[in-house]
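Please look over the structure shown here before reading on; the paragraphs that follow go through it step by step.

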Amino acid sequence: MARDFDGTNDSIDLAAGPGSITVLDPAFPMTVGAWVYPDTTGAAQCVIARGRGGVSGWGLFWTNSSDARVTFVKFGVVVISSASVTVSTGQWQFIGASVTSTNVRLLKLTLPETLTAADVANSQAFITPGAGAPESKIGADDNSTGVDADFANGRIANVSVLIGV
């Protein structure tokens, strides 16, 4: 089932019990993705994030700043996007990032069966969130001061994260 986010204050905290804080800590390889239906682009909009933006952790965005690029961010390290992998408003699409120690593959799948992908070389390590780092979220991230930010405006469904597999 899809969750509708309003772009101003909606998010889902993913804190569910012992170990939940670290279960989404970054490791190589890692793949993250979700079905999204953006209502708008033009500002940073987070699909899922772990850690604190600008400090440590990671996030998958359907828009980064002023463009409509699928974006994977190693918080505090690097923003990874490609002009060839963009999202569209008003339609369902699967977006994702597959991350290894040397590469990030960004992708978008629309139906019927149109796959767009781009490989971006990147060997920079993650900064792993430490004790007291914010929880993981869907639909927003925690900014560098710990305040919810980068709210998604649209629908998100079937979020998946595979770490270390």
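**Backbone and sheet**

In this predicted model, Asn158 is part of strand β14, and its backbone has a positive phi of about 50° although the residue is not a glycine. With a relative accessibility of 52%, Asn158 counts as exposed, because the cut-off for that word is over 50%.

Strand β14, which covers residues 153-163, runs antiparallel to β1, and four bridges join the two strands. Within this pairing, Asp6 stands opposite Asn153 of β14. Both strands belong to an open sheet of six, whose order is β1-β14-β3-β8-β9-β10 and whose pairing is antiparallel. Because β1 (3-6) and β10 (114-121) each have a single partner strand, they stand at the edges of the sheet, and one side of each is left without a neighbour there. From one strand to the next, the twist of the sheet averages 25°.

The loop between β13 (148-149) and β14 contains Asp150, a residue that is not a glycine and yet has a positive phi of about 55°.

The peptide bond that joins Leu111 and Pro112 is cis, with an omega of about 10°.

Methods:
Residues are numbered from 1 along each chain as its sequence is written. This is a predicted model: local features need pLDDT of at least 70, side-chain atom pairs count only at pLDDT 80 or more; totals for chains, interfaces and linings use all residues. Side-chain values use heavy atoms; hydrogens and water are left out. Two strands pair if DSSP finds at least two bridges between them. Axes are lines fitted to C-alpha atoms, for helices over the stretch in contact, and angles run from 0 to 180 degrees between N-to-C directions. Buried means under 20% relative accessible area, exposed over 50%, partly exposed in between (1.4 Å probe, protein chains only).
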